[in-house]
Amino acid sequence: MSVPTPTNEDNVHPRRPLDNQKNIGGDMSMMFFTRSRFSRKFTSPDEHHIKGLNVEAVAAIIFPPPPWISIPEYTGLLACSENDNSNYAYFSLNLSMYNQAPDPSELTDTWFFMYGRVHPYALTWEVGPNNYYTIPALIVRDQGYQP
Amino acid sequence: MFNRTDAYPITPPIVSFTGLIIGPGSTLLKSEAVPGLGDIQLKCCGFVQLSTFLAPGIPTRTPFKGFHPFQVFIIFPIHANPWSALCKKMTERRETQFHSNVILSCTGKVAGFLDHRIMVDPPQLTQDYVFIVVPDTWQFHDKADRDSISASASMATPSKQPSTDPFDPARFTSSSKPVTRQTTSLANQTLHAKPMTPSS
């Protein structure tokens, strides 16, 4: 299981947001099953990856290939997954847990059904001095999750 | 315990979005890299521009507060059933429906991630996922549709609207309290309708 790891500054190219709101389209919501690891709770709002969401974890989501994609006409469409036995993809899962159960550690290896916004392109966060974390993101608000 | 959790339902994630079409597969995919698709299939797929509004804990640090763009790939897999039958009309059209600047609203399953190497205009980072979405429900908001929407909207507005600002709070407030008044009068009626029986 190859999980995205923080990298140092050399290969970091932080993205800039768009300058204006013209023709940029809306956001994308997603319903999905997920299992996560490496959850951590931020104590200070400044540490939040997404403002207001105090828990971050690495979430694995399965994308099972549909039968049609294996017929010869569609060969070459799918990106080869880095580790061939799985169709897992990893996202940075951001959600809020204030004064309530479950404890973030309970997230680990439990399957959850969630509903939230997905940003499938990688974003970069500074997680320490010269230490960056680049990963696509999931934003789950308002208790859009259940085990 | 792990056996149980590993056997959890293998259902694909379902996404929904509304965004502007960038263009059809016929111009945005390297057709020689995916020869199996064919001309008709290349017309029945395309890319949509979307964005996520993000606000990190410190807005001036990466990833920076603002709208971050991304693309998704939409495909009606017409070489496979049931889409061969479902999309018969679409395949018979001479032109693609994936015209740039047409708005597409869609809900569908994610089939996987598109290989960056077959894209004419691939994303910057290898970690970027380009979702392949097969629509379950969809709507192309053609230009004609949009014109009629704006026309009907402008026809509806002038007559009875005292204020032109759609967010005017006056729209939602009123000086009279029709609901409360009605209930109290109803309550009075029922009181009067009750036979006055002397209490013992």
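This is a predicted model: local features need pLDDT of at least 70, side-chain atom pairs count only at pLDDT 80 or more; totals for chains, interfaces and linings use all residues.
1. **Chain A in outline.** Start with the fold of chain A. It has 0 helices and 7 strands. Read from the N terminus, the elements run β-β-β-β-β-β-β. The chain has 147 residues, and 49% of them count as buried. Now look at contacts between residues at least 6 apart in sequence. In chain A, 74% of these join residues at least 24 apart.

2. **A covered strand.** Find β3(A), residues 55-62. Of its 8 residues, 8 are buried. Check both faces of the strand. Val55(A), Ala57(A), Ala59(A) and Ile61(A) point one way. Glu56(A), Val58(A), Ala60(A) and Ile62(A) point the other way. Both sets are buried.

3. **The neighbours of β3(A).** β3(A) pairs with two strands of chain A that are described here. With β2(A) the pairing is antiparallel, over 5 bridges. Lys41(A) stands opposite Val55(A) there. With β4(A), residues 88-95, the pairing is also antiparallel, over 8 bridges. In that pairing, Ala57(A) has Leu93(A) as its bridge partner.

4. The side chains of Arg40(A) and Glu56(A) form a salt bridge, with N to O at 3.2 Å. Arg40(A) lies in β2 and Glu56(A) in β3, so the pair ties together parts 16 residues apart in sequence. How does accessibility compare at the two ends? Arg40(A) is partly exposed, because its relative accessible area is 32%. Glu56(A) is buried, because its value is 1%. The cut-off for buried is under 20%.

5. Asp27(A) counts as partly exposed, because its relative accessible area is 34%.

6. **A salt bridge within chain B.** Arg117(B) and Asp115(B) form a salt bridge at 2.7 Å, N to O. Asp115(B) is buried, because its relative accessibility is 8%. Over all chains, the count comes to 6 salt bridges.

7. **A buried histidine.** His116(B) sits in the loop between β4 and β5 of chain B. Why does His116(B) count as buried? Its relative accessibility is 18%, and the limit is 20%. Leave aside its neighbours within four places in sequence. His116(B) then contacts Pro122(B), Pro123(B), Leu125(B), Thr126(B), Asp128(B) and Val130(B). Keep Asp128(B) in mind for point 9.

8. **How much of the two chains meets.** The contact takes 67 residues from chain B and 59 from chain A. The area buried between the chains is about 5600 Å². Carbon and sulfur atoms give 65% of this area. On the chain B side, Thr62(B), Phe67(B) and Tyr129(B) supply 11% of the area that chain B buries, more than any other three residues.

9. How many salt bridges cross between chain B and chain A? There is 1. Arg15(A) forms a salt bridge with Asp128(B), with the closest N and O atoms 2.6 Å apart. Asp128(B) is also one of the contacts of His116(B). Between the two chains, 24 residue pairs are in polar contact.

10. Several elements of chain B each supply at least two residues to the side that touches chain A. They are α1, β1, β2, β3, β4 and β5. The largest share, 9 residues, comes from β3(B). By class, this side has 42 nonpolar, 20 polar and 5 charged residues.

11. **Strand pairing between the chains.** β2(A), residues 28-41, pairs with β1(B) in the antiparallel sense, over 3 bridges. Met30(A) has Val15(B) as its bridge partner.

Note on methods:
Residues are numbered from 1 along each chain as its sequence is written. Chains are lettered from A and ligands numbered from 1 in the order in which they are written. Side-chain values use heavy atoms; hydrogens and water are left out. Contact means heavy atoms within 4.5 Å. Buried area is the accessible area (1.4 Å probe) that two parts lose on being put together, summed over both. A salt bridge is a side-chain nitrogen of Lys or Arg within 4 Å of a carboxyl oxygen of Asp or Glu. A polar contact is a pair of N or O atoms within 3.5 Å; within protein, one must be able to donate a hydrogen and the other to accept it, and residues adjacent in sequence count only if both atoms are side-chain atoms. Helices (H or I, at least four residues) and strands (E, at least two) are DSSP runs, numbered from the N terminus. Ala, Val, Leu, Ile, Met, Phe, Trp, Tyr, Cys and Pro count as nonpolar, Asp, Glu, Lys and Arg as charged, and the others, Gly among them, as polar. Two strands pair if DSSP finds at least two bridges between them. Buried means under 20% relative accessible area, exposed over 50%, partly exposed in between (1.4 Å probe, protein chains only).
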